[in-house]
Amino acid sequence: MSFIEMKNICKKYAGAEKNSVTDFNLNIEEKEFIAFVGPSGCGKSTTLRMIAGFEEITSGELKIGGKVMNETAPRDRGIAMVFQNYALYPHMTVEKNISYGLKNMKVPANEIKKKVDWAIKILGLEEYRKRKPKNLSGGQRQRVALGRAIVKNQKVFLMDEPLSNLDAKLRVSMRNEISKLHRELGSTTIYVTHDQVEAMTMADRIVIMKDGVVQQVGKPMELYEHPVNKFVAGFIGSPQMNFYDVTINGNAVQFADGSKIILPENIIAKLNGKKDGLILGIRGEDIKLDSQNLDLYKNSVQHAVVENTEVMGNENNLYFTFGGVNTVARVSKYEISKVGDKIDFVFSPARIHFFDKETEKSIF
Ligand SMILES: Nc1ncnc2c1ncn2[C@@H]1O[C@H](COP(=O)(O)OP(=O)(O)O)[C@@H](O)[C@H]1O
Ligand SMILES: [Mg+2]
């Protein structure tokens, strides 16, 4: 038995023409950190709100701790939730904001104090406990919002885009803090985000959704290395995977602009004789410019002119046209070129993905 069990959960909002969530199936183990990720409008918040009990489940079954929860009131589900647009009480200090919910739950005063002290310590808010929200930074406010949720000491912790209002640097540090908090609290956590980097860096397992339908569930690197379809391949990873319409001719892959690369027999064999209706996918870091790779795959060396660059130091992207489409290669700091430079490159054969153009399903 898993701690949270979701079976064929569907949501159709009153008056809506179609489902916002369709047949959501997932088992979550105790203490797991799960991320729901996908583009805006794909049904992440709806699913989370059904788990929390703020949104009715149209059909399907939700169990928490072995008990069916479909009709259970939110406060009796053993959950704490942090919303995207959390609102702190502006007239209350940090400690009052954190303790307020517990007072409402009629928790004895000495216990409230203990819990609030604990939360303030764990979140590093000691210096700010007497301050009001307007005198706090965005990150500090966000920690107060987390504090309000963690003092409830529930077994399930739900977070809906809790970092989306913070600037980039703060998001990175809060990401770490939430991961640390999860390790300390051990509560089963579901974290909703549209940001694949957050999902990749924080989650034990990622659930990736599109149009209300789960596309794939897996560990971050499973999704990165073995996406089940083109959507997952394109959504996970930055810069995005490069995609090309191709056909197969013997051992050669033919691109729309006439370019050709030769692939080893064993890779071609995996296509099971399929010759057209194919999309080739390759990540930027698997396009190689170094002399060793150019030498190794000298039958398939390609040429292009750099059209744009993004130089960040640790991460450097070269943009150019290949196979008829805009292509990005991720290169080391020793291989940075300028706009207008001619480059030679190869696709690392073992790192190539193929998708069926019609179904967009991954072939390998
Ligand atoms: N209260 C509502 N009534 C009708 N449709 C809604 C409601 N809330 C969300 N939706 C629709 O359900 C779909 C999923 O929304 P949502 O779960 O908020 O997506 P996400 O959180 O992934 O951005 C969207 O098409 C959205 O317009
Ligand atoms: Mg949402």
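**The open sheet and beyond**

Author: Quick heads-up, this is a predicted model. It has an open sheet of six strands with mixed pairing, in the order 6-7-8-3-9-10.

Reader: OK, which are the edge strands of that sheet?

Author: An edge strand pairs on one side only.

Reader: At what angle does helix 4 run to strand 6?

Author: Helix 4 covers residues 138–150 and lies across strand 6 and strand 7. Its angle to strand 6 is about 170 degrees.

Reader: Moving to strand 11, which residue in the turn of its hairpin with strand 12 has a positive phi?

Author: Strand 11 (residues 242–249) pairs with strand 12 (residues 252–255) in the antiparallel sense over four bridges. Asparagine 249 stands opposite alanine 252, with two residues between the strands. The one with a positive phi, about 65 degrees, is glycine 250.

Reader: What about ligand 1: how many residues in its shell are charged?

Author: The residues around ligand 1 include Ser40, Gly41, Gly43, Lys44 and Thr46. The shell divides into three nonpolar and seven polar residues, and the charged count is one.

Reader: Last one: how far apart are the C-alpha centres of domain 1 and domain 2?

Author: The chain is divided into domain 1 (4–235) and domain 2 (242–356). Their C-alpha centres are separated by 39 Å.

Conventions. Residues numbered from 1 in each chain as written. Chains lettered and ligands numbered in written order. Predicted model: local features only at pLDDT ≥ 70, side-chain atom pairs only at ≥ 80, totals over all residues. Pairing = 2+ DSSP bridges. Near = placed C-beta within 6 Å. Nonpolar A, V, L, I, M, F, W, Y, C, P; charged D, E, K, R; others polar. Domains from an automatic or database assignment. Contact = placed C-beta atoms within 7 Å. Axes fitted to C-alpha atoms, helices over the stretch in contact; angles between N-to-C directions.
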